[in-house]
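Trainee: Could you take me through the surface of this model closely, and then go inward from there?

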Amino acid sequence: MNEYENFVQHWASIELTERQSAQAHFEAVCRLLKHPLPHEIDPKGEFFAYEYGVVKGDPQGGRGYADVFYKGHFAIEYKRKGRYADLRSAYVQLQQYRENLFNPPLLVVCDIAHWEIHTNFPNTEKRVYKFTNAEIALTHVQRWLHHLFYAPEALHPDRNTAQVTQDAADAFQRIAENMRGWEADPERIAHFLTKLIFCLFAEDVELLPHFPNSAKGIFSGIIDQTRTDPAMFRQYVAQLFHAMADGGNVLLQKIPYFNGRLFENVQVEEVQAEALLQLANAANLNWASIELAIFGTLFERSLDPRKRAQLGAHYTNRDDILLIVEPVLMQPLRREWDAMRAQAVPIRAAYDMAETPRAKLNRQNELLALRDQMLTRLRTIKVLDPACGSGNFLYVALNLLLDMEKEVINDPLFTPFPSPPPGVHPRQLYGMEIEPIAHALASIVVWIGYIQWRQNNGYLHFTEPILEPNGHNIRLMDAILAYDADGNPIEPEWEA
């Protein structure tokens with residue numbers, strides 16, 4: 001029996017609490033991989049340590065600890081052996097405070113019996129390496145563990161978000177081209193396809209349940225089971241759309257109440273078998289990793305006959321969008337935050353030096369008042385794009401506001417005080433667009449972007465309905481010209 005088999009056998013029989021097992025297990029893994037223990041290469045606990053102090057971003061606030069932190073490599077969160085269901089919450093914890101851990105490339109959760117290594121490389125498709133304690137004796141799992149400690153880059157997904165997005169747009173271009181009569185009414189097809197896209201995304205972020213007795217999401221399972229039978233596809237997808245519109249059950253699975261006008265029209269268009277095959281291919285993509293800053297434009301071009309010639313042309317990518325959004329929207333807000341933070345620093349020093357509970361409470365209240373003032377500013381600012389296209393600029397603006405809000409919430413100045421959840425919301429975004437297809441895409445791009453950010457940052461919990469109607473926010477209109485009841489040209493009313 002080799003050392004890996006010995007390790008597997010030993011830890012299969014261990015029954016300890018989370019606290020008792022975590023460090024002992026980690027040290028056993030280090031010895032197995034012939035890697036120095038934390039204190040052997042970092043006696044001061046600065047870059048490789050147990051219980052590395054971080055500011056937690058959860059609603060309870062306070063100071064949390066990464067069970068193991070290795071700068072530039074990984075952060076590990078342990079759960080008690082056999083508590084596989086708790087690994088989801090462990091990953092959420094790491095997502096919420098990863099910035100305070102210098103964004104390690106790998107986020108790891110483990111309950112001794114099960115491992116999950118989540119990639120955290122920027123602008124890449126997310127990948128999860130899953131294995132059990134019994135599988136550690138397998139060669140490919142040994143290789144993953146070796147990379148975890150010695151070469152994190154070797155676990156890089158090798159696909160960036162732009163590549164995934166291009167594949168998704170290409171798949172839907174082929175679906176659109178194969179749909180009966182789409183040339184006659186691309187706007188109608190756009191509304192239908194946006195619902196398909198949302199379903200693919202919703203199941204990949206686990207807002208939709210799994211298909212019965214399958215690892216697939218319920219929508220992908222329906223596609224897989226009906227891809228040679230278009231009539232049956234329409235039947236089951238119509239049931240899913242109805243359930244998403246009002247809440248309900250499909251195939252004995254509970255479907256959340258989504259609402260938000262997206263599913264007001266639950267008509268399922270006729271699709272040919274060839275289009276269903278392309279949809280099955282699209283369902284195999286990781287929709288949680290789509291880069292929405294370019295997806296809307298690519299999708300719009302694939303649907304609009306007038307724009308199909310532009311499919312290979314340049315699109316406004318995220319970096320180009322930032323050249324406008326950063327100086328116009330974010331830099332003024334950052335200056336306000338810098339000024340407010342400068343006010344908070346001496347108050348924090350006074351809090352740390354206060355000798356009585358009353359004095360501490362007074363300083364704490366002053367600090368929280370400053371924090372809440374900044375949060376209110378971020379949560380009430382309005383962003384208007386009077387020619388919003390398929391929503392790319394609005395999507396990037398929303399992400400930047402959410403990132404800054406998380407930065408404020410998790411600032412060490414406010415440790416260990418209670419932390420509120422993020423409050424920046426799509427209702428702060430306004431847009432106008434004259435092209436019906438782009439308008440149909442804009443709202444869905446903004447909402448998917450909002451859900452995507454919350455999922456990527458450990459805040460994917462929603463009250464129902466999950467979506468809110470925002471037809472008033474993103475309007476189908478000309479931003480320059482309108483007409484009165486008599487048909488006379490007038491200046492349009494901007495309601496942002």
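Mentor: Start with Leu 323, Ile 324 and Val 328, which make a nonpolar surface patch of about 330 Å². Patch residues have over 30% relative accessible area and no salt bridge; like charges are joined within 9 Å, nonpolar side chains (Val, Leu, Ile, Met, Phe, Trp, Tyr) within 5 Å. A salt bridge puts a side-chain nitrogen of Lys or Arg within 4 Å of a carboxyl oxygen of Asp or Glu. Areas are Shrake-Rupley values with a 1.4 Å probe, and for residues only the protein chains shown count as cover.

The model is predicted: local features need pLDDT of at least 70, side-chain atom pairs count only at pLDDT 80 or more, and totals for chains, interfaces and linings use all residues. Residues are numbered from 1 along each chain as its sequence is written, and side-chain values use heavy atoms, without hydrogens and water.

Leu 323 sits in helix 12, residues 318-353. Helices (H or I, at least four residues) and strands (E, at least two) are DSSP runs, numbered from the N terminus. Leu 323 has 64% relative accessibility, so it is exposed. Exposed means over 50%, buried under 20%, partly exposed in between.

Now go inward. Phe 241 is buried, at 0% relative accessible area. Phe 241 and Phe 263 form a tilted aromatic pair, 5.4 Å centre to centre with 55° between the planes. Rings of Phe, Tyr and Trp (its six-membered ring) pair if their centres lie within 6.5 Å; planes under 30 degrees apart are stacked, over 60 edge-to-face, the rest tilted. Phe 263 is buried too.

Notes: Buried means under 20% relative accessible area, exposed over 50%, partly exposed in between (1.4 Å probe, protein chains only).
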